[in-house]
Amino acid sequence: MARSTRRTVLRSRRGAAASVASELSEGKGLAATAFSVGATEALEAAIVILALLPESYTSAALGFAVGAALVAVLAYFLKQNILRIRVALLKNFVSAMLLTFSAFWYAEAFYSPSDVLLIPIFVVAFLAVYAYANS
C-alpha cells in the first residue's frame, strides 16, 4: 500500500494527476480502489468481530449491524466531501492505519499495551509513509 501511495504521489508530480482524477471520475479506477479499500476494511472488521464473539454473540452482531448502517448512511450524506479527498492523501491514511494495526497487534503478542498507544503509532506510521511517498 505504501508503494501504491508513492506511485500516486510521483504520478501527481509528473502532471498525471489530472488524468488520474479524470480516470477516477469516469469510474475506471474507482471500482478497483473501492474494492481494495473495502476488502481491507472488511478483513479488519471480521478480525475484530471474531475476537468479540466469545464475549457475546448478540453484542458482536449488534455492533456489526450498527457499524454497517452508520457507514452506509454517512457515505450517502458525505459522498461529495469524500470525492474531494485527494487519492494520495487517502492512500497515505489507509497505509498508516494498516501499519498501525499490524504494529499494535504484533505488540499484543508479547504484552498487553493500552489502546492509547494506537495514537502515537498512527502518527509515526503516517509520517513514515508520507516521507517514503514524498522522497
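Valine 124 is found in helix H7, where helices are DSSP runs (H or I) of at least four residues, strands are DSSP runs (E) of at least two, and both are numbered from the N terminus. The structure is a predicted model, in which local features need a pLDDT of at least 70, side-chain atom pairs count only at pLDDT 80 or more, and totals for chains, interfaces and linings use all residues. Residues are numbered from 1 along each chain as its sequence is written, and side-chain values use heavy atoms, with hydrogens and water left out.

**Overall fold and confidence**

- The protein chain contains seven helices and zero strands, and its pattern along the sequence reads α-α-α-α-α-α-α.
- The average pLDDT, which is the predictor's confidence in each residue from 0 to 100, is 77 for the protein chain, and 78% of the residues score at least 70.
- Confidence is lowest in helix H2 (residues 17–26), with a mean of 52, and highest in H7, with a mean of 91.

**Burial, contacts and surface**

- Of the 135 residues in the protein chain, 16% are buried; buried means under 20% relative accessible area, exposed means over 50%, and partly exposed lies in between (1.4 Å probe, protein chains only).
- Among contacts (heavy atoms within 4.5 Å) with a separation of 6 or more, 67% join residues 24 or more positions apart.
- The accessible surface of the protein chain is about 9600 Å², and carbon and sulfur atoms account for 71% of that area. Such areas come from the Shrake-Rupley method with a 1.4 Å probe, and for residues only the protein chains shown count as cover.

**A nonpolar surface patch**

- Leu62, Val66, Leu70, Val73, Leu74, Tyr76, Phe77 and Leu78 make a nonpolar surface patch of about 850 Å².
- Patches are made of residues with over 30% relative accessible area and no salt bridge; like charges are joined within 9 Å, and nonpolar side chains (Val, Leu, Ile, Met, Phe, Trp, Tyr) within 5 Å. A salt bridge is a side-chain nitrogen of Lys or Arg within 4 Å of a carboxyl oxygen of Asp or Glu.
- Valine 66, one of the patch residues, lies in helix H4 (residues 57–77) and is partly exposed, at a relative accessible area of 43%.

**Aromatic pairs**

- The structure has five aromatic pairs: rings of Phe, Tyr and Trp (its six-membered ring) pair if their centres lie within 6.5 Å, and planes under 30 degrees apart count as stacked, over 60 as edge-to-face and the rest as tilted.
- The ring centres of phenylalanine 93 and phenylalanine 122 are 5.3 Å apart and their planes stand at 70 degrees, so this pair is edge-to-face.
- Because phenylalanine 93 lies in helix H6 (residues 87–108) and phenylalanine 122 in helix H7 (residues 118–133), the pair ties together parts that are 29 residues apart in sequence.
- Phenylalanine 93 is partly exposed, at 37% relative accessibility, and phenylalanine 122 is also partly exposed, at 22%.
- Together, Phe93, Phe122 and Phe126 form one aromatic cluster.

- Asparagine 92 is located in helix H6 and counts as buried, at 3% relative accessibility.
- Apart from its neighbours within four places in sequence, asparagine 92 contacts Thr5, Phe126, Val129 and Tyr130.
- Valine 124 counts as exposed, at 56% relative accessibility.
- The C-alpha atoms of valine 124 and leucine 99 are 9.6 Å apart in space, while the two residues are 25 residues apart in sequence.
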